[in-house]
Amino acid sequence: MAKVLKGIGASRGIALGKVLLLKEEQLVIPNDKIKDVEGEVQKFKQGVQASLKDLENLVEITTAKLGAEKAAIFGAHEEIVQDPAIAQDVEELIKNEQKNAIQAVKQVFDKYHQLFLKMDDPYFKERASDVNDVANRLIKHLLGVNIVDLSTINEEVIIVSDDLTPSQTAQLDKKFVKGFVTNIGGRTSHAAIMARSLELPAVLGLKNITEIVTDGAMISANGTTGEVMIELDTDDIAVIKKNQVEFEKNEALLKTYVNQPTITRDQHKVLVEANIGKPADCEAVLKNGGEGIGLFRSEFLYMENDHFPTEEEQFQAYKEVIDQMHGNLVIIRTLDIGGDKRLSYYQFPSEMNPFLGYRAIRFCLDHPDIFKTQLRALLRASAFGSLGIMFPMIATIEEFNQAKALVEECKAELIAANIKFDQQVQVGMMVEIPAAAVNAKNFAKVADFFSIGTNDLIQYSMAADRMNQSVAYLYQPLNPSLLNLIKMTIDGAHTENKWVGMCGEMAGDQLAIPLLLGMGLDAFSMSATSILKTRSIINNLDYQTAQTLSNQALMLSTSKEIESLVQAFLKKNNL
Ligand code: PEP
Ligand code: MG
């Protein structure tokens, strides 16, 4: 009987294969002082050149296999390895402290690694692994250590390693590598993103899997459930193979939903849309049959830059999304910065409670110049398709009205300059603060639409920091308090004939979908890979029975009770 270990399911699918254990060779850093300063600087420069050659090669392989966007990671590595500030720091250590090149490189890269690690934003935290990846490559060249070439694997394996660097992931050949399993990493790590684009099952964050399994042992990794099975006997293997066939059959079935509308058996129509962070994400949205963009997190445009993006830069990015979505509605959220999201080129005040502080619309209303640059770019882009402008973190009607007044100001400026925009552009808001949910019927008089941001709505209604693992048990999408807030929001909007979407993670949660449908949610927005599953659930339900279910759920008093109710309902509907 197999043993089951639980990690983070980062890329769907079931892999079965022999372990290829990748244990990084411990790199021994020499500590001898040097005399030949020039020779050591030259050695460092040669290491940089050798690394650059590898990276150019990787850009080429990755562009061919996964496209230019994925290859951009190695473009970024090329920049890091030849960064002048880093080179200067390394050369100073060699010259002033007689450190050898390897020691100097280790010290400088460790400093930058720590700097990224300390950042609150998970996106930048993950970039720390890029710095490490580059440092390891450079140090291996300086030490003359062999760099493992994963592209030479020629039998079916599941890779088990501490972490999988972007360069390693890009070299994987799908013909032989059936999946991978790591000690560290989460859903937003590079390894996870790469695994999803390669459509390779991956389970990450198992903490010590490299200590538990041995090279060559048969294991199975389920990237949907996050489970890794070890010590398999023949019965286990038979069950896993059966599950693989079932999974493939299901995948093929889901694909049949790509070009279908989302509509219940009793003809109630809703939309299933996608959340994106950049224009290039639209490709996956279209491939998965997304009926629009329910949330474009525009802050990524700001976070990936080294300056506040100009009106023109923003206009181009927004237009690129609108063009790709061929007339389907694109909701772009205005800058949601602050809290855990920081900018390298702007110093936010330090706060006791950043999540309750100076962020999102609060920051934007305080910086009308920054805000209006974005609003003008959005309005200009609206001329090319169907656009909704959405304000984040609205707590009061006054905030909404002030933001809306700035939109009107920008419209007047564009009219005066004879620049076209869509007069019908919708202006709506996120409902992610309980105060907004409770006051929804009044907000619905001024906003064109709502989108419920459950990631924040849950953290604020349960008073549980969404980044804090110790209080993660309070992330309860099915808690009756939350369901009542959602119901108030939907009813408030519908009273004024406005539509309501949801763009928090809950929208793609299989247990929540029947309840949200029954409560009358009009649009579900989620990561592209969850779209087809969501549509398959909705298209196999009746709106009427979903309404009865949600009314029953709203009478219950705990998350657990509601969960059991929905589970029984899904089972009864063969879902
Ligand atoms: C939310 O809060 O649910 C949301 C979608 O916004 P974000 O996760 O970007 O805060
Ligand atoms: Mg939010």
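A word on classes before the counts: Ala, Val, Leu, Ile, Met, Phe, Trp, Tyr, Cys and Pro count as nonpolar, Asp, Glu, Lys and Arg as charged, and the others, Gly among them, as polar. This is a predicted model, where local features need pLDDT of at least 70, side-chain atom pairs count only at pLDDT 80 or more, and totals for chains, interfaces and linings use all residues. Residues are numbered from 1 along each chain as its sequence is written, ligands are numbered from 1 in the order written, and side-chain values use heavy atoms, without hydrogens or water.

First, the pocket. On a 1 Å grid over the protein atoms alone, a pocket is an open set of points where a 1.4 Å probe fits, with protein on both sides within 12 Å along at least five of seven lines; lining residues have an atom within 4 Å of a point. The second largest pocket has a volume of about 1,100 Å³, the space filled by probe spheres set on its points, which are joined across faces, edges and corners. Its lining has 42 residues, and Glu24, Asn132, Asn136, Asp162 and Thr165 are the closest to the centre.

Now ligand 1. Near means a heavy atom within 4 Å. There are 13 such residues, and Arg297, Arg333, Gly453, Asn455 and Arg466 come nearest. By class, the shell holds three nonpolar, four polar and six charged residues.

Polar contacts are N or O pairs within 3.5 Å. The Arg333 side chain puts an N or O atom 2.8 Å from a ligand 1 oxygen. For the Asp456 backbone, the distance to a ligand 1 oxygen is 3.0 Å.

Notes. Polar contact = N/O pair within 3.5 Å; in protein donor to acceptor, adjacent residues only side chain to side chain.
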